Amino acid sequence: MIMTMLKGKIHRATVLQAELDYVGSITIDEALMEASGICEYEQVQIVDINNGQRFETYVIAGERGSGMICLNGAAARMVQVGDKIIIMCYAGMMPEEMTGYAPKVVFVDDENKVKRITHYEKHGLLSEMDEVE
């Protein structure tokens, strides 16, 4: 049996652009992709914290260090510039691969710069998450 597990997550990123006439996808700062383990062209799920929308698209790498989070094409209709979103990718794993496994969770500031990286999640306030170097 293959289980679908959270592989990587960027938590509370700010949408900087929404470009309806671009090729459909989400453009993500390459540094954020690297920190979260999200790959270019990988399928991701987007959750808009402001409006509750959930949708899927794929990733295009944006300029490293730019903080860019841009929804392109039809996905641009699902968000507003300034919205906070959660970006998640998943991996299929066999039960034996799950032993000791933990996803990469990246917390960002309002400019989409990495504040904290964890390798787990728990219920609670953002301020309660332990920092991992």
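N112 lies in the loop between β8 and β9 (114–118), where strands are DSSP runs of E with at least two residues and helices are runs of H or I with at least four, numbered from the N terminus. This is a predicted model, in which local features need pLDDT of at least 70 and side-chain atom pairs count only at pLDDT 80 or more, while totals for chains, interfaces and linings use all residues. Residues are numbered from 1 along each chain as its sequence is written, and side-chain values use heavy atoms, with hydrogens and water left out.

- Most residues other than glycine have a negative phi.
- Phi of N112 is near 65 degrees, a positive value, and N112 counts as buried at 1% relative accessibility (buried is under 20% relative accessible area, exposed over 50%, partly exposed in between, with a 1.4 Å probe and protein chains only).
- Y41, in the loop between α1 and β4, has a positive phi near 75 degrees and is exposed, with a relative accessible area of 59%.

- Not counting residues up to four places away in sequence, I69 touches residues including I26, I28, I85, I87 and N112, a contact being heavy atoms within 4.5 Å.

**Charge and ring**
- The charged end of R116 sits over the ring of F107, 4.8 Å from its centre, the rule being CZ of Arg or NZ of Lys within 6 Å of the ring centre and within 35 degrees of the ring normal.
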